[in-house]
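Thanks for making the time this morning.

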Amino acid sequence: MEPMSHTERLRLRLLGIRPTDRLWGWLGPLLVAAYAGLLRFWQLGDPPTLVFDETYYVKQAWSLLEFGTEHKVRPELAQAGATPGVDDVWAAGTPDVFGPSADFVVHPPVGKWVIAIGEYLGGVGNPWTWRIGVAVLGTLSVYLLARTARRMFGSTTLGIIAGLLLCFDGQHFVHSRTGLLDMSVMFFALGGFGALVLDRDASRERLARIVGGWRDAGAAWDDPRLRYGPWLGLRPWRLVAGVSLGLCIGTKWSGLYFLAVFGLMTVLWEVGARRAVGIHHWFLATLGRDAPQAALTVVGSALVTYLASWTGWFRSSSGWGARLGGGQSTRRAGRLDARRPALPVALPRRHVAVPPRLADPS
């Protein structure tokens, strides 16, 4: 048996034994995700009314479609003991419940836009429409976790087991079937982590190839190139991670914790990799050649993505604090629901007496 080259030894040290069942590595997670989707989409419209905090986020999602920002519900519908109440009117399929006043923003808009996509496609008369976006993310997260675990553990079997565990997790199941924000936070955080795992493996493969090539060419231990090691070039997966984490922060500000921890994690991975291949000044090399790029790509792209998620607020004069002088809001020219395609799905509507000012004038 021929001895391993320096490149092969470094690749094994940095990446371990990689799975070779590529077809099953894609097909297995896909099958698990398909089963997870079946569980999550089955009777997605039940219960056929707003549950828990859907009463806030589902309406605010529709408000984003109408105004670009969150607006308050009309006082006569929101006050205690109102008959009908705002949830009754909403359940009757009448989304015109908003007044001219801006609502205080408790969470950024990305997760509400996820909910709004389904509402734009199917209206609000069918509860599945305000849950379908979240259900899609919940299903995709099972596939994403299975693929990420396979890469981390070097085993398709362990990756599939990880996907199955998430598929049957009670919290994940419930949040995948409810029009809330938590699944969006989880999905975008997981997406950022998965992108950084891909970046770690790609950069370690490059590091093993470069440093191993030097050693295979006869470079001695005291070769000057091994003092700080090579610059590993641009890292596009870090950019993807930053965008995903920016969307996470744009859903809830608690996503900042993921950005801080994952940003530190990717730099520490680089420290360990440079030390493992024999770079003399591995810590200083990471600080000088990797950490600045990591901060620029991950944090920079997250910041840009987060700011972009507030485009509706920047363009609006009726959002909370958008215009100090106040004023009445106006609906966007060409109502979005006029362009929304009708879908062949309908649930029975409840008969609720709607105040005349809320009724459709047509």
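For what follows, an axis is a line fitted to C-alpha atoms, for helices over the stretch in contact, and an angle runs from 0 to 180 degrees between N-to-C directions. Helices themselves are DSSP runs (H or I, at least four residues), numbered from the N terminus. Please keep in mind that this is a predicted model, in which local features need pLDDT of at least 70 and side-chain atom pairs count only at pLDDT 80 or more, while totals for chains, interfaces and linings use all residues. Residues are numbered from 1 along each chain as its sequence is written, and side-chain values use heavy atoms, with hydrogens and water left out.

With that in place, helix α3 (residues 54-67) packs against helix α6 (residues 110-122) at an angle of about 75°, the two axes being 8 Å apart. Because angles of 65 to 115 degrees count as roughly perpendicular, α3 and α6 are therefore roughly perpendicular to each other. Contact here means heavy atoms within 4.5 Å, and on the α3 side the residues making it include Tyr57, Trp62 and Leu65, while α6 contributes, among others, Trp113, Ile115 and Tyr120. The residues of this contact divide into 10 nonpolar, 1 polar and 2 charged, where Ala, Val, Leu, Ile, Met, Phe, Trp, Tyr, Cys and Pro count as nonpolar, Asp, Glu, Lys and Arg as charged, and the others, Gly among them, as polar.

Gln43 lies in the loop between α2 and α3 and, although it is not a glycine, has a positive phi of about 50°. Phe52 also lies in that loop, again with a positive phi of about 50° although it is not a glycine.

Finally, how far does helix α7 reach from its first C-alpha to its last? This helix (residues 132-153) has 22 residues and reaches 32 Å, close to the 32 Å expected at 1.5 Å a residue, the expected span being 1.5 Å times one less than the number of residues. After α7 comes Gly154, with a positive phi near 65°.

Terms used. Helices (H or I, at least four residues) and strands (E, at least two) are DSSP runs, numbered from the N terminus. Angles under 35 degrees count as roughly parallel, over 145 as roughly antiparallel, 65 to 115 as roughly perpendicular and the rest as oblique.
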